[in-house]
Amino acid sequence: MTVDDTGSGADGDGRVDPEPAPDSADPGEDPLALRLEGLILGAERRYTPFQAARSAGVSMELASRFWRAMGFADIGQAKALTEADVLALRRLAGLVEAGLLSEAMAVQVARSTGQTTARLAEWQIDSFLEGLTEPPEPGMTRTEVTYPIVELLLPELQEFLVYVWRRQLAASAGRVIQAGDDEEMVDRRLAVGFADLVGFTRLTRRMEEEELGELVEAFETTSADLVAARGGRLVKTLGDEVLYAADDAGTAAEIALLLVETMAHDETMPELRVGIAFGTVTTRMGDVFGTTVNLASRLTSIAPKDAVLVDSAFAEELIRTGDAPASEAAAAEEAAAAEKEGEEPPVYRFALQPMWQRPVRGLGVVEPWLLTRRGDGGAEA
């Protein structure tokens, strides 16, 4: 609900003057929509934006910044805000006043929370709520079904959302605490991978919308599950592409190969190509930025079908950690030496094959490496 800087409604000592006040609802608004809003928000409309700001004890300028950051539309000076809106303003402003957050950081908190929950809410309505509110019997309308369903689901979904958020917060805090120093908390060395469906644009011209949506959902769901199960972090999905990160090269390599292998066994899926780079990454609002991310994206665009390309820094990291040999010749020498001494030879999970150096737009000349499994190339159980 973006607000403007006009309006009145409070006297000189800051108390809210309820008159004159615009009507709380537009005569053209759907009564069910208003009832649902009241149910979900848990409060009725009482304030204009100006009145809400004054009641929260914040300036209209700061209130406007918070509401814009949360992604809400302009409502002018309609009476459409509730006690919950006032409380949210008061809490954010209180964090700033207490010195726990700067004003810029408080706005960033509002923006990151708004963007994340907006996508979640859209998904729940589009893919979840619509299916549940299909009239169960002929003659019933969706209107007659929606309200009681939402009434039953709301507290459960709220509790589950808080639970998942706390779990994610704990996991993220753990990763930050393990960082070596303060600089590493923001600019960290990570493995970053892009996985891209080949020929997706052509598919969009041939497939029906519903069929295309099912394919994208299957790709995103499978990718998200594999990334999470192997200890990576899904940064974002872009329809035909997923971006993930991992703290170590071995984890990122395993995820990449599993993605290729899993999609290759699904006849409904196009071929997949993956590019991974290792290096310093800047993290902001759950996203990742920097040259490492750009390089991973470029490697994806030049990777062969059903293959994984990595940069030289990633290859060096796999070699350093003992996940891959420096070369097959070196691996053979190590195996021969171990056999001569009656010892077990080193066991490597991955193999690296240097490819031709090539110029990459915006990044100069890079040396890609083809990443494969050692041995039969089959996926781990």
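The model is predicted, so local features need pLDDT of at least 70, side-chain atom pairs count only at pLDDT 80 or more, and totals for chains, interfaces and linings use all residues. Residues are numbered from 1 along each chain as its sequence is written, and side-chain values use heavy atoms, with hydrogens and water left out.

## Overall make-up

The chain has 13 helices and 10 strands. Helices (H or I, at least four residues) and strands (E, at least two) are DSSP runs, numbered from the N terminus. Of the 381 residues, 36% count as buried. Buried means under 20% relative accessible area, exposed means over 50%, and partly exposed lies in between (1.4 Å probe, protein chains only).

Accessible areas come from the Shrake-Rupley method with a 1.4 Å probe; for residues, only the protein chains shown count as cover.

Take the contacts in the chain with a separation of 6 or more: residues 24 or more positions apart account for 68% of them. Contact here means heavy atoms within 4.5 Å.

## Salt bridges

A salt bridge is a side-chain nitrogen of Lys or Arg within 4 Å of a carboxyl oxygen of Asp or Glu. By this rule the count comes to 12 salt bridges.

Arg-45 counts as buried because its relative accessibility is 17%. Glu-37 is at 25%, so it counts as partly exposed.

Arg-46 lies in the loop between helix H1 (31-41) and helix H2 (49-56), and Glu-83 lies in helix H4 (residues 83-97), so the pair ties together parts that are 37 residues apart in sequence. Arg-46 is partly exposed, with a relative accessible area of 42%. Glu-83 counts as partly exposed too, at 34% relative accessibility.

Glu-254 is buried, with a relative accessible area of 3%. Arg-230 is partly exposed, at 30%.

Arg-230 and Glu-254 also belong to a network of salt bridges that links them with Glu-261, Asp-323, Arg-349 and Arg-373.

## Around Asp-323 and helix H12

Asp-323 lies in the loop between H12 and helix H13 (328-340). Asp-323 counts as buried because its relative accessibility is 14%. Leaving out residues up to four places away in sequence, Asp-323 touches Gly-250, Leu-318, Tyr-348, Arg-349 and Phe-350.

Arg-320 is placed in helix H12 (residues 312-320). At 61% relative accessibility, Arg-320 counts as exposed. The Arg-320 side chain makes a polar contact with the side chain of Glu-317, at 2.7 Å. A polar contact is a pair of N or O atoms within 3.5 Å; within protein, one must be able to donate a hydrogen and the other to accept it, and residues adjacent in sequence count only if both atoms are side-chain atoms.

## Aromatic pair

Rings of Phe, Tyr and Trp (its six-membered ring) pair if their centres lie within 6.5 Å; planes under 30 degrees apart count as stacked, over 60 as edge-to-face and the rest as tilted. The count by this rule comes to 1 aromatic pair. Phe-160 and Tyr-163 form this tilted pair, 6.0 Å centre to centre with 40 degrees between the planes. Both residues lie in helix H6 (residues 142-177), 3 residues apart, about one turn of the helix. Phe-160 counts as exposed, at 53% relative accessibility. Tyr-163 is at 47% and counts as partly exposed.

Leu-120, Trp-123 and Leu-161 form a nonpolar patch on the surface, with about 280 Å² of accessible area together. Patches are made of residues with over 30% relative accessible area and no salt bridge: like charges are joined within 9 Å, nonpolar side chains (Val, Leu, Ile, Met, Phe, Trp, Tyr) within 5 Å. Leu-120 lies in helix H5 (residues 103-132). Leu-120 is partly exposed, with a relative accessible area of 32%.

Helix H3 (residues 60-70) has these buried residues: Met-60, Leu-62, Ala-63, Ser-64, Phe-66, Trp-67 and Ala-69. Just after H3, Gly-71 takes a positive phi of about 90 degrees.
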